[in-house]
Amino acid sequence: MSWDPGGLNKNTKNRFYVFMRFLRIEQVLFSLPMAYLGAFVAIRKIPPISILILIFFALFFLRTAGMTNDNLADVEIDAKNPRTRNRPLVTGAIKISEAKLMIISSLVLFFLITYFINIWAFILSPIVALIVMSYPYMKRYTAFANYHLASIQGLAVFSGAVAVLGIYYNSLSQIFLRIPWFFVIGTILWAVGFDLYNHIPDAQFDKQMGLHSFAVLLGDKALIFAGLNQLFSVIFDFIGDIYYNLGIIAIVSTIIHGIIMAYAYYLASRKNDFGKAFYYNIYSSIVLGLGIDIDVILGIPF
């Protein structure tokens, strides 16, 4: 149970590496394919390259602000948890003042980038930022914090769609009608599953600290609950493939996406390897997002 995605080797001296571990930079791969999926499916063609670049930077800076805020809010809790006591903010490898500066500068850059994407992205950006920044406080009050975090992943699909739809439509209602909602919902359910891989090893500790998650609420049944969420996520993705008239590549990608999640569940349930189970979700995200993007580009019917 010693696995920690934000942990740091005590002997690490490289400052760049310290910041990358602090941000868990590889986890950007959870969100970026989903954001591009939203962009491609929303307009059924390749979005402008400039918009795709801006989506990447907006996502990067928002994630930087959110992850830094998460670490800052939990620093005292992480210091007490044997699994997380080697995180950079706990060990002092990153100072509190540095973390606060990162939050402020990253949010400023996020808002600035959304302004250059389109007016609707800019108008909606404070709501998106509020959802992201409020997450670490939710687990103090409710197990639905798992769904709160998962909604942040769903917002990646939503935001990618808004980024491109705002170019073509002047009405927010028209934009909302064209959001690929089945993939938004599928992404939320998928994210609940992999988030629980993070919480299940800490269930006993969280209970002692008065923190809430479905791992604490459901106990031994939490892993089954994670699996059911991911099963329904695949169902919603299949519905999305059909509803949005996607083709054979999207269907195959969704199947592989589901198989990878099933293998991750096997690793968690049979091997007790929550670390690998968590990271296999990165692969499933890449497969689904890239597969659907390629499907839209090639337009091969089912």
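**Working through an all-helix chain**

Thr-114 has its place in helix H6 (residues 96-117); helices here are DSSP runs of H or I with at least four residues, strands are E runs of at least two, and both are numbered from the N terminus. This is a predicted model, where local features need pLDDT of at least 70 and side-chain atom pairs count only at pLDDT 80 or more, while totals for chains, interfaces and linings use all residues. Residues are numbered from 1 along each chain as its sequence is written, and side-chain values use heavy atoms, with hydrogens and water left out.

**Thr-114 and its surroundings**

*Task.* Decide whether Thr-114 is buried or exposed, and find which residues Thr-114 touches.

*Solution.* Start with the cut-offs: buried means under 20% relative accessible area, exposed over 50%, and partly exposed in between (1.4 Å probe, protein chains only). Thr-114 counts as buried because its relative accessibility is 4%. Next come the contacts (heavy atoms within 4.5 Å). Leaving aside residues up to four places away in sequence, Thr-114 touches Ala-121, Phe-122 and Ser-125.

**The whole chain**

*Task.* Work out how many helices and strands the protein chain has, and what its radius of gyration says about a compact globule.

*Solution.* Count first: there are 15 helices and zero strands. For 302 residues a compact globule would come out near 19 Å, and the chain has 19 Å, so the two agree. The C-alpha trace spans about 50 × 45 × 35 Å along its principal axes. As for cover, 56% of the 302 residues count as buried. Finally, look at contacts between residues at least 6 apart in sequence: 75% of them join residues at least 24 apart.

**Helix H3**

*Task.* Find how far helix H3 (residues 49-73) reaches from its first C-alpha to its last, and how many of its residues are buried.

*Solution.* The expected span of a helix is 1.5 Å times one less than its number of residues. H3 has 25 residues and reaches 36 Å, close to the 36 Å expected. H3 is also mostly covered, with 18 of those 25 residues buried.

**The core**

*Task.* In the largest nonpolar core, find which residues touch the most other members.

*Solution.* Such a core is a set of buried Ala, Val, Leu, Ile, Met, Phe, Trp, Tyr and Cys residues joined through side-chain atoms within 4.5 Å. Helix H8 (residues 145-168) gives the most to the core, with 13 residues. Now zoom in on Ile-292: beyond four places in sequence, its contacts include Leu-37, Val-41, Phe-183 and Leu-246.

**Aromatic pairs around Phe-182**

*Task.* Find how many aromatic pairs the whole structure has, then sort out the geometry of Phe-182 with Phe-236.

*Solution.* Rings of Phe, Tyr and Trp (its six-membered ring) pair if their centres lie within 6.5 Å; planes under 30 degrees apart count as stacked, over 60 as edge-to-face and the rest as tilted. The search gives 27 pairs. Phe-182 and Phe-236 are 6.4 Å centre to centre with 35 degrees between the planes, a tilted pair. This pair links distant parts of the chain, 54 residues apart: Phe-182 is in helix H10 (residues 181-199) and Phe-236 in helix H13 (residues 222-243). Phe-182 is partly exposed at 23%, and Phe-236 is partly exposed at 24%. Phe-182 also pairs with Tyr-243, and since their centres are 5.3 Å apart and their planes at 70 degrees, that pair is edge-to-face. It joins H10 to H13 across 61 residues. Tyr-243 is exposed, at 56%. Put together, Phe-182, Phe-183, Phe-236, Tyr-243 and Tyr-244 form one aromatic cluster.

**Two loop residues**

*Task.* Find where Arg-44 and Asn-272 are.

*Solution.* Arg-44 is in the loop between helix H2 (28-43) and H3. Although not a glycine, Arg-44 has a positive phi of about 55 degrees, and it is partly exposed at 39%. Asn-272 belongs to the loop between helix H14 (248-270) and helix H15 (274-298). Asn-272 is no glycine either, yet has a positive phi of about 60 degrees; at 45%, Asn-272 is partly exposed.

Terms used
Rg over C-alpha atoms; globule rule 2.2 N^0.38 Å.
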